[in-house]
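Thanks for coming, everyone. Let me put the model up, and then I'll walk you through it.

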Amino acid sequence: MERLLITICGRAGSKGFKNKNLKTFCGRPLVYYSLAAAQLFLEKMPGVQADICLNTDSEALAALVAEKYPEVAYLPREAALGGDTAPKMAVIQDSLARMEARRGCAYDYVMDLDITSPLRTAQDIRNAYELKSARPDLDLVYSVTESRRNPYFNMVRDCGDHIEKGIENRPEDGTGSGSYTARQQAPVFYDVNASIYVYRRGFLAENTTGIIWDAKTYVVTMMDTGILDIDSEEDFQLMEVIAGHLYATLPEFAAVRRAVRV
């Protein structure tokens, strides 16, 4: 039996998009979509013993979750972890330490689900979890989408008084000669969508830098039109339009919508 801690982390307020974690998305609280997807995932994973916790400094968010999901453990966030510059990994590490002390156990994995990613499916979560479970050499598995741009071909960077290509168009074979003539020849790039992170417990407990790139990582790919990082009112409105289409046409997204407790 594998033990899993699922963390839901949300600060009070937001400079980019005020109170985004308390928003109502397509008629239901935004945070409920992450919880519904987690519950659907766990229903199909009888070999996983899981706890879900909410780490927040928002009493309003805690009350909202407790109203329909009373089984979620509430971890009031300390002031030192509530500022704009506090790294999220530190909050997840805090959640791990407090939940292990509370439950008197050690978890095998810690999975973080971002509140502002309501359009993830139970299968997306399962894909990430099963990859991490099958790869003990990995410290972290996280979700991405296929990139629509490649820095070798159609991305550029600002160099002050002029613009240059994103990356010099040279094969990484040590020869220093030749160039890629088609995007298919170039290395593959992904967009990190900040939706799902599955950590090896040991890495999370021992890391002191708060930087995920210290980890040995791999990725699972999600549907790119299903994810948009919500940082503004415009992002939120566009996500609701996308959600309406996905709920009407794709059963795996509609299943999460139906699973939201009302």
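First, the ground rules. This is a predicted model, where local features need pLDDT of at least 70, side-chain atom pairs count only at pLDDT 80 or more, and totals for chains, interfaces and linings use all residues. Residues are numbered from 1 along each chain as its sequence is written, and side-chain values use heavy atoms, with hydrogens and water left out.

Start with strand E1, residues 2-10. Helices (H or I, at least four residues) and strands (E, at least two) are DSSP runs, numbered from the N terminus. Eight of E1's nine residues are buried, so the rest of the structure largely encloses this strand. Buried means under 20% relative accessible area, exposed means over 50%, and partly exposed is in between, with a 1.4 Å probe and protein chains only.

What does E1 pair with? Strand E4, residues 48-56, is one partner, parallel, over nine bridges. Pairing here requires that DSSP finds at least two bridges between two strands. Within that pairing, Arg3 has Gln49 of E4 as its bridge partner. Strand E6, residues 109-113, also runs parallel to E1, joined by four bridges.

Now helix H3, residues 88-103. Its 16 residues span 22 Å from first C-alpha to last, close to the 22 Å expected at 1.5 Å a residue. That expected span is 1.5 Å times one less than the number of residues. The buried residues of H3 include Met89, Val91, Ile92, Leu96 and Met99. What covers them? The cover for the buried residues of H3 includes E1, E4, E6 and helix H5 (201-206). Just after H3, Gly104 takes a positive phi of about 70°.

Next, Trp213. Where is Trp213 found? Trp213 is in the loop between H5 and strand E11 (217-221). Its relative accessibility is 55%, so Trp213 counts as exposed.

Last, Lys68, in helix H2, residues 59-68. At 27% relative accessibility, Lys68 counts as partly exposed. Which residues does Lys68 touch, leaving aside neighbours within four places in sequence? They are Tyr32, Arg261 and Val262, where contact means heavy atoms within 4.5 Å. Tyr32 is 36 residues from Lys68 along the chain, yet their C-alpha atoms are separated by 8.5 Å.
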